[in-house]
Amino acid sequence: QQYSRLNSSSQTNSLKDLLQSKIDDLERQVLSRVNSLEEGKGGLKNDTEERVKIESALTSLHQRISELEKGQKENRPGDKFQLTFPLRTNYMYAKVKKSLPEMYAFTVCMWLKSSAAPGVGTPFSYAVPGQANELVLIEWGNNPMEILINDKVAKLPFVINDGKWHHICVTWTTRDGVWEAYQDGTQGGSGENLAPYHPIKPQGVLVLGQEQDTLGGGFDATQAFVGELAHFNIWDRKLTPGEVYNLATCSTKALSGNVIAWAESHIEIFGGATKWTFEACRQIN
């Protein structure tokens, strides 16, 4: 039975890869046709007909992916899933249904997998009225990954765009703006004076996969996250090194976020982002 489950899972994943490859090809064709139409090349009627055909094929492929996801979803626990953002767009993202409370400390952790270059983009962004960069994790262009709090920046020592799964955590306290960064369970950097004595403001919008320039929108494709993301959790306190290590090694003692816990019912997806079954530490690389 276990072999059959594994075999079925690998078949689903290979079918997913095949469908995604077809979608990528078709989206490139659509873009090429749109450009061609805008430049007034070729017969307008033929181009329009071909574009309609391609878009129809795209729609049916997206529907097939949704059916596959539905089949997977019915057989998995609520936290055993990942989000996939296959293309650098300004419309593909996920939204966390809950907002954040006012916080004087936090820890944010997640699993990430990406081979995007230059820069993996924005795994998450939290915007509040009057401040689009209240809390953002971003690796843009040739810059190192950075965390922004109230638009103040700290450079992080993460190196994650090798196409492998990595567990990352950032802790912060408003007192002296002290922060720590962990990759794969090990602390790799720390600092202070990052937005000291500024509490994280409540009632904002928390987005996965895009950087917000306005509350809940204003996405820029060049800053979009490309890759896979799972187990995004937030706590309203600084986790200890031992607690972070438990998360990175999938210990039975690993905690769920007390502010945001990773659960399928908490996440809405938009623009072609997809959900797939994921078990941390079993599927690493």
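How many bridges join strand β2 to β11, and in which direction do the two strands run? Three bridges join them, and the strands, with β2 spanning residues 93-96, run antiparallel. Keep in mind as you browse that this is a predicted model.

## The chain as a whole

Let's start with the overall picture. The protein chain has 285 residues, and 48% of them count as buried. Its secondary structure consists of three helices and 14 strands.

Contacts across the sequence are well worth a look too. Taking contacts between residues at least 6 apart in sequence, 69% join residues at least 24 apart. The accessible surface of the chain comes to about 13800 Å², and carbon and sulfur atoms account for 49% of that area.

Now back to β11, which covers residues 205-208.

Are the side chains of β11 buried or exposed? In a regular strand, side chains alternate between the two faces of the sheet. In β11, V205 and V207 are on one side, L206 and L208 are on the other, and all four are buried. Both faces of this strand are therefore covered, with buried meaning under 20% relative accessible area.

## The disulfide in the strands

Next, the cysteines. A disulfide is a covalent bond between the sulfur atoms of two cysteines. A search of the whole structure finds two of these links.

One of them joins C109 and C169, whose sulfur atoms are 2.0 Å apart. This link is right-handed, with 115° about the S-S bond. C109 sits in strand β3 (residues 105-113) and C169 in strand β8 (residues 165-173), so the bond ties together parts that are 60 residues apart in sequence. Both C109 and C169 are buried.

The torsion about its S-S bond is about 85°, so the disulfide of C250 and C281 is right-handed.

Why does C250 count as partly exposed? Because its relative accessibility is 31%. C281, at 33%, also counts as partly exposed. Numbered in sequence order, the bonded cysteines of the chain pair 1-2, 3-4.

Methods. Residues are numbered from 1 along each chain as its sequence is written. This is a predicted model: local features need pLDDT of at least 70, side-chain atom pairs count only at pLDDT 80 or more; totals for chains, interfaces and linings use all residues. Side-chain values use heavy atoms; hydrogens and water are left out. Buried means under 20% relative accessible area, exposed over 50%, partly exposed in between (1.4 Å probe, protein chains only). Two strands pair if DSSP finds at least two bridges between them. Contact means heavy atoms within 4.5 Å. Accessible areas come from the Shrake-Rupley method with a 1.4 Å probe; for residues, only the protein chains shown count as cover. A disulfide is a pair of cysteine sulfur atoms within 2.5 Å.
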